[in-house]
Amino acid sequence: MKKKLVKVFLFLIFLLGLVFPITATKGVRADIGFDGGYDSGGSSDWGGSSDWGDSGSSNWGDRDYSSNYNYNGGPLDLGALLLVLFFMASFYITIIVIVNKIKKASRRRKYIASFSIDTSSMMVDDQLNADVYELYKQINIAWMNKDLEPIRHLLTDELYNMYLMQVDTLVEQQHTNIMSDFRFISGHIKSRRTYRGKETIVMLFNVQCRDYIVDIHNKVVRGNRREICNYMYELKLVRNVVKKDIICPSCGYHFREDEGVKCPYCETVVHQNSNELRLADKKVVYQTWKRG
């Protein structure tokens, strides 16, 4: 939206600059303008005795201005108009180029700048970071493929239903959210507590990736395929820490520890009692971009 407003503003400046010289050029033509206030009739304040009159005593002398200024709209007017158009178009293009360069430089500076979030007092769990990074990639790949069923056990029911509605919107619009080139940066635990056999972890999680949306013709409609996004998330994750018997709610099958979350008999996905990490909430703390 901001980009469109900037372009419209610059285009209006261009039109204003264009109209001014055209109006000035037309002002020296005998067949256009100044019909009332500059009439040489006797009743006008600009009467025949004025310095602008036609008498021989005029301060402007007897020079033939129709020859020098081409009052009849000859080639001189057309050439001047084309010259003005050329310079105004060049000015407009130059402004656009300068604005784009400033935006790119601003983005690069924003990306390089250090952020004010202090993580020095937060815990770092390397194994947790590895698990969360793998979970993050799986969820986003499923999101890109617009098929959340393979990662349903990695989301709480509330988050799964919300993502499902958003995926349906992408399908309806025939858009695809491309996410690739994932890179883990850092992970820091803000809080970690266990209550009634369930562990809840809140952490700051910093990753990089390409993130843009294309239409059915692979044309980018949001984002930029040539930019790398840097995201700092606040993630809320939950998991069961007390081992319980996992029983299929449909057929009553008892899962073994080494089995997955899908019932081998009735193919029901069982995730309520899973000890795996599940994403319960995800918020963007900040995001930046850079060319890459």
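A disulfide is taken here as a pair of cysteine sulfur atoms within 2.5 Å. Under this criterion, 0 disulfides are found. The structure is a predicted model, in which local features require a pLDDT of at least 70 and side-chain atom pairs count only at pLDDT 80 or more, whereas totals for chains, interfaces and linings use all residues. Residues are numbered from 1 along each chain as its sequence is written, and side-chain values use heavy atoms, with hydrogens and water left out.

The cysteine distances account for individual cases. The sulfur of C209 has its closest cysteine sulfur in C229, at 5.7 Å, which is too far for a bond. C248 is likewise in no disulfide, the nearest cysteine sulfur, that of C266, being 3.4 Å away. Relative accessible area was classified as buried (under 20%), exposed (over 50%) or partly exposed (in between), with a 1.4 Å probe and protein chains only. On this scale C209 is buried at 0%, and C248 is buried at 2%.

The protein chain averages 75, and 65% of the residues score at least 70. Over residues 19-74 the pLDDT is below 50. Beyond near neighbours in sequence, this stretch has 38 contacts in the model, a contact being heavy atoms within 4.5 Å. Residues 108-114 also have a pLDDT below 50, and this stretch has 8 contacts beyond near neighbours in sequence.

Secondary-structure elements are DSSP runs numbered from the N terminus, with helices (H or I) of at least four residues and strands (E) of at least two. A nonpolar core is a set of buried Ala, Val, Leu, Ile, Met, Phe, Trp, Tyr and Cys residues joined through side-chain atoms within 4.5 Å. The largest such core has 32 residues, and Y136 and L279 have the most contacts inside it. Two or more residues are given to this core by each of α4, α5 (157-173), β1, β2 and β4 (227-240), with α4 providing the largest share, 8 residues. When residues up to four places away in sequence are not counted, Y136 touches M179, F182, F205, V207, C209, Y231 and Y233. A second, separate core of 5 residues includes Y253, F255, C263 and V270.

Aromatic pairs were defined by ring centres of Phe, Tyr and Trp (its six-membered ring) within 6.5 Å, with planes under 30 degrees apart counted as stacked, over 60 as edge-to-face and the rest as tilted. The whole structure contains 8 aromatic pairs. One of them joins Y136 and F182 in an edge-to-face arrangement, at 6.0 Å centre to centre and 90 degrees between the planes. Because Y136 lies in helix α4 and F182 in strand β1, this pair ties together parts that are 46 residues apart in sequence. Y136 is buried at 4% relative accessibility, and F182 is buried at 19%. A tilted pair is formed by Y253 and Y265, with 5.1 Å centre to centre and 55 degrees between the planes. Both residues lie in the loop between β4 and β5 (278-291), and the pair ties together parts 12 residues apart in sequence. Y253 is buried at 17%, whereas Y265 is exposed at 63%. Ring pairs also link Y133, Y136, F182, F184, F205, Y231 and Y233 into a cluster.

Charged side chains were examined for salt bridges, defined as a side-chain nitrogen of Lys or Arg within 4 Å of a carboxyl oxygen of Asp or Glu. The count comes to 6 salt bridges. Among them, E134 pairs with K137, the closest N and O atoms being 3.8 Å apart. These two residues are 3 residues apart in helix α4 (residues 126-144), and are therefore separated by about one helical turn. Both ends are partly exposed, E134 at 37% and K137 at 23%.

R210 forms a salt bridge with D181 at 2.7 Å between the closest N and O atoms. R210 lies in strand β2 (residues 198-214) and D181 in strand β1 (residues 176-195), so the pair ties together parts 29 residues apart in sequence. R210 is buried, with a relative accessible area of 16%. In the salt bridge between R192 and E199, the closest N and O atoms are 2.6 Å apart. R192 is partly exposed at 35%, while E199 is buried at 8%. Salt bridges that share partners join D125, R192, E199 and R239 into one network.

How values were computed: pLDDT is the predictor's confidence in each residue, from 0 to 100.
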